[in-house]
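User: Could you walk me through this one slowly?
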Amino acid sequence: GEGLPPIPLDLEIGILEIIDAAITMDDPKSKTSQAIEIAQLSIRDLNTRGESSSISGDLSISGDTNIEFGFESELKVDLSSGMIQLSDTNIELAGVTPKSLWIAASGELDLNKEAAQLDVELRTDKIKATGSIQRSAFQSPEINMDLAVNLIDPAMLVMTDDKVENSSPAINKEDPSESSNTKNVPLPLEGLRDLDLKAQLRIDEVSIGPNLLKEVGASLRIMEGVLTLTEVTGKFNGGFLSLESQLNAKYNMATFSAEGGLEGVDFNQFAASYGSPGIVEGIGSVSLDLSSKGSTQKEMINNLTGPVKIKTSDVSLQKISLEKTMCQGISLINKKPLSQSFPSNTEFASLDANLTFADGTATIGPLSADLTSLKLDGVGKVDLLSNDFSLNLKGTIFESISELDPACLLDSKYANLVWPMNCEGNLSGNSSEWCKVDTADVLAQLGKSTIKDKATKKAKTYIKKLFGG
C-alpha cells in the first residue's frame, strides 16, 4: 500500500464531535461521484501514547451502492511502536447484505507492516461466524482466515437490485411474504477479483436450493478472481459428500467446475427436500464431473454440462407399481380383467442411471432397472428449472409376471415383443399417474409379427409344392 499520511507522534484530542457533515468526492475519469454523510462522529481522549480512547459514529456512503455504517470502539494508539490495540469494537453495516451485517472485533494493527490480527464475530439474519482474521499487505495471501460458521445461505448474503436501492437500517421495506427470486440477478463476481484470501472453514449447514449440506469442512482460496474449494466434505441427505470445485470470476462470464461424489445418499430425504416426501426409498451413490458458465444463477443452470452416474441398492418407488402398470397393458391385450390386488410400490433389485446436463436439462440414459418380473431400459429428460420430466422405457417381461395375476399370463406369441412404457409429469406431482403402457405400439408390433408369420408360412408351403416336399 501507499502507507498512512504523517501523524504527529504526540497527538491529543480531549473531545471531538462532528454532526451533520458531508464530504463529496468526484472522479473526473469515470464521471462518478461518491458522497459521505456524517450523521455524527465522536472521539474521546484520543492520544498517541498508548492510553485508552474511544471513537463512535454513524455515516452513510452513497454511490453505486448505498451503505450505512455505524460503529463504536475502544482503542489504544501507540505511534512510537506503530501499534493500535482494538477492543470492544462493534460495527453495523446496512446495504452490504439483505439484512444488516454486525461485526464485533478485537485485536491489534501494525501500522509499520500494514498488518492486522483480529478475533472476529460476524452476524447477519440467521448467520453467525466466529474465528480469526490475519491481514498482511505485503504477503500472499493478503488475508488469512479461520472461521466456524453456523449457516451459509446465499439468499441471506446476496443483495438483489430492489434491496440495493432500498437498503436502510432504519426502514425495512422487504415484504416477508414475498420470496426473492435471485435466479436472474448478476452473480456477485466483482468482489472476488480484488481478493487475495485463504480460509479454513467449518460450517454447520450450507443451504443448496432446498437441500442442506451439514457438518461441512473446506479449504478456500481466492486469488486473481479465481475461487477454489478443496477438501470439501460434508453430510448430504444421509450420505457423505466429497468434492473439489472452482469458480473463475475473472470475467463477467464466469466458469464453474465441480468433481466428486456422494456415498450412501438417502433418496427419500432428497425427494422430500423438493416437496415430494415418500416418493422413493433406498440408498445409492452418485459420482459427478460438472461444469458451467454464466453471469447469473439461471445461466449457470442452463449451461450446466457433464455426467452424473447413479448406482442404487434396495430402491423402491412409492405410490406406483410398474408391474401393475405392465399387467394392465397385458390384460388389455389378453382381453381379461385383473382380479388380484397389487402392491402400491415398485421394488427394484437394481436401478442404475447416467445423467448428462445441457441447456438447463438433465438427459437420463442409459437407465437400467431390474424387477422380479421384468427388466426396463430407457432414456428420458428432466427440466432443471420446472422439474417436469419424461421417460421412455422398454420392458422385457419374464414369465413370472403371471404369478401376480392370471390376466398377466403372457402368450408365447408376445414373447419377442417390446413393451413400451411411457412416463411423464412433474417430480412434485402424483406419481401414481406418471406411467402407462403403450398398448397401441404392442398391437402394432403384433400385427407386423402376424403378417410376417403368415408370409413365412406361405413361403414354406410354396417351396414344398415347388420341390415336391
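Analyst: Let me begin with a term: buried means under 20% relative accessible area, exposed means over 50%, and partly exposed is in between, using a 1.4 Å probe and protein chains only. At 17% relative accessibility, phenylalanine 71 therefore counts as buried, while phenylalanine 69, at 27%, counts as partly exposed. This is a predicted model, in which local features need pLDDT of at least 70, side-chain atom pairs count only at pLDDT 80 or more, and totals for chains, interfaces and linings use all residues. Residues are numbered from 1 along each chain as its sequence is written, and side-chain values use heavy atoms, with hydrogens and water left out.

User: How many aromatic pairs are there in the whole structure?
Analyst: The search finds 3, where rings of Phe, Tyr and Trp (its six-membered ring) pair if their centres lie within 6.5 Å, with planes under 30 degrees apart counting as stacked, over 60 as edge-to-face and the rest as tilted. Phenylalanine 69 and phenylalanine 71 have ring centres 5.2 Å apart and planes at 25°, so this pair is stacked.

User: And phenylalanine 389 with tryptophan 434, what kind of pair is that?
Analyst: That pair is edge-to-face, with 4.9 Å from centre to centre and 75° between the planes. Phenylalanine 389 is buried at 11% relative accessibility, and tryptophan 434 is buried at 12%.

User: Changing topic, what is the average pLDDT of the chain?
Analyst: pLDDT, the predictor's confidence in each residue from 0 to 100, averages 83 over the chain, and 86% of the residues score at least 70. Over residues 450-456, however, pLDDT stays under 50. Where pLDDT is low, the predicted coordinates should not be read in detail.

Conventions: Contact means heavy atoms within 4.5 Å.
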